[in-house]
Structure formats: C-alpha cells, structure tokens
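Subject: Structure handover

Hello,

The structure you asked about is below, with my notes after it. Please read them alongside the coordinates.

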Amino acid sequence: MFTEPFRIKTIEPIVFLTRRQRLKVLAEAGYNIFKVPGDKIAFDFLTDSGTGALSKYQLAASGMGDEAYSESESWLRFKKAIQKLSGKKEIIPVHQARGAEKLLAEVLVSSPGDFILSNTLYDTTRGNFESAGANCLDFLVQGELSSWKKFKGNLDLKKAEKFLRQNNSSVKAIVLTLTNNTNGGQPVSYENVFAASKLAASRNIPLILDACRISENGFFIKKLEKGFERFSVQEIIKKLCGLADVVYMSAKKDGLSDAGGFLSTNNKSIAANLRRLANFYEGYPTSGGMSGKTMESAIRGFEETAHEDYLDYRVSQVAYLHSGLAKIGFSLVNPPGGHAVYIDAAKTLAHVKKNNFPAQTLIVAFYAEAGMRCSEMAGSLTRGMNEPLELVRLAIPRRVYTKSHIESVLEAGLRIWKQRKNLRGFTIVQAPKHLRQFSAVLKPLTPSLFYN
Ligand code: F0G
C-alpha cells in the first residue's frame, strides 16, 4: 500500500469522453496514438519526461530565475548544485539530454569503425552516436522478460570484456543507462557500475553514465543491494557518479523539470571540447539553452526526487499498476521498474500476428477503453519485422496521477483482457520509411473497428 506524499494544490481538469467518442477520435487519428489530440486524452502515460508536477518550492524557485545571458545567478546556483550532486567540477548545461549526447558523440567518435558499448542505449543516444559514425552494441545481462531477477538493467561484463579484448582500440566509450529505459526501466547495480568503471579504466576509455533516472536507480540500490541500506539515496547517487568519467542527465526525468540537462566531468580536456561545441548547438555555455527559471526549478527537482518518501511512493505506484495488470493476466516485464510498466504484447495478444502489430493493437485498445495513451517501446511498427519484442510502455509522470486514476486504468485493463481474443490487429494504409510510428495511418483488420 502507498499514499501520495503530497496534497494537490493546482489542478489540470481531465475531460472524459465516452467510449463511442474515443472510437471516433481513433478513426480520425488513423489509429495512431501520436495523432490523438492532447485534450482528448484522460491518462497520458506516453512519457515520464518533462511531464512531472512541480512542487510549490520549485514554483517559488522559478520566480528567482535570473535571465542574464552570461554567468547569471541561476547558472551559478545550478553549477554549484550539480557539482554537489555529481561530485564533479566541470559542468556543461544543455537544453535536454539528447543535446548532451550529440556533443559527446562528436567529441568521442572519430571514424566509422568506432564502437560504443552499453547495457542498452536509449534511442536518442544510439541515434546520436550512430549519426556520428559509431557502431553501437548493447550487452545486456541475459534474462527472460518475465523473470524476477534483480538488476536486470546490468551490463553483461563478460561479453563487454571479450569484445574489448578483440577490438580494444576501436571502442571509444562504455555508456551505462540508469535505469535501463529500453529494457523495462530495470536498475543497474552499484557492483555492475563499479566493475564497468574498472573495465573502462583498464582499456583507457571513458565510462559514461546516462543518469536520466539516477534517483530511481539509487533507490533500488538502497533497497536491493547488500551494504547500501545505510546510505542515503543522495550518497548513492554521488558514489555512482564518482565511478564515471562523464555523467550526463536529462533534467526532464529525475530533475522534475520541463526542460534542461547537464554534462559533468572532472576531465578538463573533454570538458573544453564539449563546451566549445555546446556554444554552437546548445546555447551560451552558462545556460545551455535553459532559462534561469528552468535551472532554478531543476535544482530543486533534483533534490526532491532523491527524497526517500517520494521515491518510496514513486516505485510503489509503478508496482501497484504492475501488480494490478499481472493479476488480470497481462504478460509483463518483471520486476516492476522505476518509471514505467512494460507489457509484453507478443504474449498478451499471442493470436495477433507480428505484421498486424500486437503492441499497437494493445495501445489502441487502452485508448478505446480508458482514454489512456501509452507507447511502443520496442515493436514491429517502430522497428520493423526484425524486432523480436513487442513491448508497450506505460510511463507514469511524476506526482501527476493518483491511485484512483491507476485504478481506472486497471478497470479498463480488465475489460480489454476479457475481450482480448476479439482484438485482431491492424494493417498499414500509409507510412513513411523512417520513424513511422509517429505518422503511420493504420486500418483495423475487422470492419467493426477492432472488436468483432
Ligand atoms: N536517455 C534516456 C535513458 C532517456 O529515457 C531519454 C529520454 C534520453 C536519454 C533523452 O533525453 O528527452 O532529455 O533529450 N527519454 C524520454 C522517454 C523521451 O520517453 O523515455 P531528452
């Protein structure tokens, strides 16, 4: 059981449509959830990025935003706060994490034969490194989606080590994503980050942390890893950062901000290169494109997500949705992760063929039944027929939805489950070659929409 550790002070009304209205909205959107207008959505579980609710302290802090172009007071406070959080001296602000990724890719990748190794790169990280010419390899620890093993976000150290032995000079960095967003929001253990840092150091390459959800990851370490129960999450975050050469973070996740991010390092030469490029792509090096208001609110956001009563609520809320869906019968990625629940649509809708898009079918069903929007994390619409997985992600915005909202989604889940055999899937009417999940027009296989 959990209780929201806050009172709601400002609200955003939800307009609930009828099921008939929602079916009409779906038809008009070509059964593509990205095209459903925002005001027609009741529960938006598309992302936990930039969608959190601000605290009164964050709002008050935004009022202190200093918008001076250079060396603003807000920047000086931001720099100090991130130095404290990460334990690193050189701080490079960015407009959001993908900006940081672009800078890193340009600084680290020099030729098309270069490799980046990771537990699993997030799409934007992979995209940025690949556009700079690198080959990106994910070495994730083996594990069934449904197994309840701890720390399923870990890097497979043996495979990484073997690859490094064979291709030493062409590997440019190890990047660890904390938590592992693409694989169920699963945490990475301290032990794994420690071993990865030793491995990287032994090959003289940097260890980079994509620390977007480091507070959530830190909380899992405190709860699950022996010896860490006595440390605060803030201390664990600092210890994790201490193992890395470069830490970057989107302030839109565990910074509870609507924008922003940073890179931090103690390596002066990497910092100088990153800063030079940041000036072109991100903004003046003392803002990175963030406003003073954003920096002030993010400083407070980073602090608030490390509070343990907040983190306890946060992971309990995710676990509540997870256990409700599991009880109904949905096949899920286990255990529940830090920010989202991932449904294995290939198993849940085993009768829907891959070329009829099982993940999309479930996404459309959830909108029809609950007005809920979620997304395909890995699946045939997003990545084509060679993608083995069909994962639907229900990402929960921070501090936005209550237990009763989650219960509405679970009630819809039960209705979907009971009718699942009638879900038939979709065909594509029209779609671009790349990023087709954003604009594809789909058509249900059965004439009476997707139910018989
Ligand atoms: N790394 C991870 C692990 C992420 O989840 C994201 C964004 C990024 C990097 C890029 O950060 O948006 O600030 O540029 N993830 C969002 C999501 C979009 O929905 O999971 P950004």
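Helices here are DSSP runs of H or I with at least four residues, numbered from the N terminus. Please also keep in mind that this is a predicted model.

Ligand site

With helices assigned in that way, helix α4 (residues 97–108) gives the most to the shell around the ligand, contributing 3 residues. The ligand has 17 residues around it, and those that come nearest are T47, R98, D210, S250 and R393. Sorted by class, the shell holds 7 charged, 7 polar and 3 nonpolar residues.

For T47, an N or O atom of the side chain is 2.6 Å from an oxygen atom of the ligand. For R393, the distance from a polar side-chain atom to a ligand oxygen is 2.7 Å. For K253, the corresponding value is 3.0 Å, again to an oxygen atom of the ligand. The ligand taken alone exposes 480 Å², and the protein buries 95% of that.

Salt bridges

Side chains of opposite charge can pair when their charged atoms come close. Counting a side-chain nitrogen of Lys or Arg within 4 Å of a carboxyl oxygen of Asp or Glu, the model has 25 salt bridges. I describe a few of them here.

D44 and R373 form a salt bridge through their side chains, with N to O at 2.7 Å. D44 sits in strand β1 (residues 43–44) and R373 in strand β10 (residues 372–373), so this pair ties together parts that are 329 residues apart in sequence. Are the two partners buried or exposed? D44 is partly exposed, at 23% relative accessible area, whereas R373 counts as buried, at 11%.

E216 and R398 form another salt bridge, with an N to O distance of 3.0 Å. This pair also links distant parts of the chain: E216 belongs to helix α8 (residues 214–224), R398 to the loop between β12 (391–395) and α16 (403–419), and they are 182 residues apart. Buried means under 20% relative accessible area. E216 has a relative accessible area of 0% and is therefore buried; R398, at 1%, is buried too.

R399 pairs with E304 in a salt bridge, and their closest N and O atoms are 2.8 Å apart. R399 lies in the loop between β12 and α16, while E304 is in helix α11 (residues 292–305), which puts the two 95 residues apart in distant parts of the chain. R399 is buried at 14% relative accessible area, and E304 is buried at 5%. Separately, salt bridges that share partners join D48, R213, E216, D254, R314 and R398 into one network.

Helix α16 and the surface

V409 is in helix α16. Its relative accessibility is 0%, so V409 counts as buried. The C-alpha atoms of V409 and A42 are separated by 10.0 Å, although the two residues are 367 apart along the chain.

L435 is in the loop between β13 (426–430) and β14 (441–444). With a relative accessible area of 56%, L435 is exposed.

Backbone geometry to check

Which peptide bonds are cis? One of them runs from L178 to T179, with omega near -15 degrees. T179 is placed in the loop between β5 (171–177) and α7 (190–202). Another runs from N334 to P335, with omega near -15 degrees. P335 lies in the loop between α12 (308–328) and β9 (340–344).

E71 is partly exposed, with a relative accessible area of 45%. F357 has a phi of about 60 degrees and is found in the loop between α13 (345–348) and α14 (358–370). At 5% relative accessibility, F357 counts as buried.

Regards

Terms used: Residues are numbered from 1 along each chain as its sequence is written. This is a predicted model: local features need pLDDT of at least 70, side-chain atom pairs count only at pLDDT 80 or more; totals for chains, interfaces and linings use all residues. Side-chain values use heavy atoms; hydrogens and water are left out. A residue is near a molecule or strand if one of its heavy atoms lies within 4 Å of it. A polar contact is a pair of N or O atoms within 3.5 Å; within protein, one must be able to donate a hydrogen and the other to accept it, and residues adjacent in sequence count only if both atoms are side-chain atoms. Accessible areas come from the Shrake-Rupley method with a 1.4 Å probe; for residues, only the protein chains shown count as cover. Ala, Val, Leu, Ile, Met, Phe, Trp, Tyr, Cys and Pro count as nonpolar, Asp, Glu, Lys and Arg as charged, and the others, Gly among them, as polar. Buried means under 20% relative accessible area, exposed over 50%, partly exposed in between (1.4 Å probe, protein chains only).
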